[in-house]
Amino acid sequence: MRVRITRHNRRIEPETTAPRRILTRNRMGWSSDQLSPLSLSFVEFSRACTAPVLDIGAGLGTAALAALGAGASVIANDLDDGALQHLAGRTQTRPGRFPRELHFEPETLGAVHASNVFHFLTGNQLESGFRAIARWLRPGGRLFVQAATPYQAPFAAFLPEYQRRLAAAGKWPGWIPKISIYSSHRQLSQMPRSLHLLDDAILTRTALAAGLEIERAWLFRRTDLPATLHLDGRESVALIARKPSL
Ligand SMILES: C[S@@+](CC[C@H](N)C(=O)[O-])C[C@H]1O[C@@H](n2cnc3c(N)ncnc32)[C@H](O)[C@@H]1O
């Protein structure tokens, strides 16, 4: 859903103009001006957070600005410093590559949001990233993740290999070192050479291993996903995890 935050009571209301997807400058896919159901949950949770909330890979900053409009104190991160320029002055900005270049004191964040970023991380980076987030969150704080799955039309040729890896209990079955081996889809020219396609089981396992509790993990289709990427309605994965309360 594309939304606007009303000035008077900070309510989230549907926006009426057409959605836009803006190409990132660093071939990291598209940044969306739509809030997915997962991002909306982050914004709603942020409304009641007294501690700052963090948006990793903020891109256009749609979720960061919506959380700001809902009254949260927002820290926007992206590895592309330039992408953060338009957020400076409105949110705190922290350029840098997650997880290696991002640091916070333990238990200082109320919520963390990462939309369409974690499929750019290796397995090791995912593990250390989840551990870092679990450290940064206050007890009761939430992590909101959205990422790409293998169930997208351009990866149809990869699915048999994915199923084989799942059957063999491979640790990171969605890791593709060179995506051009499986697909020459036009949209993939705007992606890095390697991708890490994720699913609900993998995100759940990684979050649990980091000491988080799972609130919900599910597969779905984003409303702003181009029709050429549609496969079977499971094109994206979302996870909401909780840092256990004391
Ligand atoms: C596909 S865009 C998504 C932007 C926005 N979160 C959204 O959902 O519309 C991915 C963004 O994540 C950033 N990014 C990719 N890997 C990152 C990393 N390891 N650390 C921080 N930012 C990263 C890219 O620069 C890009 O702006």
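Student: Is helix α2 buried or exposed, and how many of its residues are buried?
Tutor: Keep in mind that this is a predicted model. Eight of the eight residues of α2, residues 62-69, are buried, so the helix is largely enclosed by the rest of the structure.

Student: Which residues are those?
Tutor: They are Thr62, Ala63, Ala64, Leu65, Ala66, Ala67, Leu68 and Gly69. Just after α2 comes Gly71, with a positive phi of about 105°.

Student: And in the largest nonpolar core, which residues touch the most other members?
Tutor: Ala64 and Ala67 are among them, along with Val112, Leu143 and Val145. That core has 63 residues.

Student: What does Leu143 touch, leaving out residues up to four places away in sequence?
Tutor: Its contacts are Val112, Ile133, Leu137, Ala207, Leu212 and Ala241.

Student: Switching to the sheet: how many strands form it, and in what order?
Tutor: Seven strands make an open sheet with mixed pairing, ordered β7-β6-β5-β8-β9-β13-β12. At the edges are β7 (92-95) and β12 (213-220), each of which pairs on one side only. From one strand to the next, the twist averages 15°.

Student: How many bridges join β12 to β13?
Tutor: Seven bridges, and the two strands run antiparallel. As one of the pairs, Trp218 has Ala238 in β13 as its bridge partner.

Student: Which strands does helix α1 lie across?
Tutor: Helix α1 (residues 37-46) lies across β5, β8, β9 and β13, and runs at about 165° to β8. Helix α4 (residues 123-136) lies across β8 and β9, at about 150° to β9.

Student: OK, ligand time. How many residues surround the ligand, and which are the closest?
Tutor: There are 24 residues around the ligand, and the closest are Gly29, Gly57, Gly59, Phe98 and Ser115. The elements giving two or more residues to that shell are β4 (30-32) and β6 (74-78).

Student: Which element gives the most?
Tutor: That's β4, with three residues.

Student: How does the shell split by class?
Tutor: The shell has 10 nonpolar, 11 polar and three charged residues.

Student: Last one: where is Lys171 found, and is Lys171 buried or exposed?
Tutor: Lys171 sits in the loop between α5 (159-167) and β10 (175-176). Lys171 has 10 other C-beta atoms within 10 Å, so it is exposed, because 12 or fewer counts as exposed.

Student: How far apart are Lys171 and Ile202?
Tutor: In sequence they are 31 residues apart, and in space 8.4 Å, C-alpha to C-alpha.

Methods:
Residues are numbered from 1 along each chain as its sequence is written. This is a predicted model: local features need pLDDT of at least 70, side-chain atom pairs count only at pLDDT 80 or more; totals for chains, interfaces and linings use all residues. A residue is near a molecule or strand if its C-beta atom, placed from the backbone, lies within 6 Å of it. Helices (H or I, at least four residues) and strands (E, at least two) are DSSP runs, numbered from the N terminus. Ala, Val, Leu, Ile, Met, Phe, Trp, Tyr, Cys and Pro count as nonpolar, Asp, Glu, Lys and Arg as charged, and the others, Gly among them, as polar. A nonpolar core is a set of buried Ala, Val, Leu, Ile, Met, Phe, Trp, Tyr and Cys residues joined through C-beta atoms within 7 Å. A residue is buried if 20 or more other C-beta atoms lie within 10 Å of its own, exposed if 12 or fewer, and partly exposed in between; C-beta atoms are placed from the backbone. Two residues are in contact if their C-beta atoms, placed from the backbone, lie within 7 Å. Two strands pair if DSSP finds at least two bridges between them. Axes are lines fitted to C-alpha atoms, for helices over the stretch in contact, and angles run from 0 to 180 degrees between N-to-C directions.
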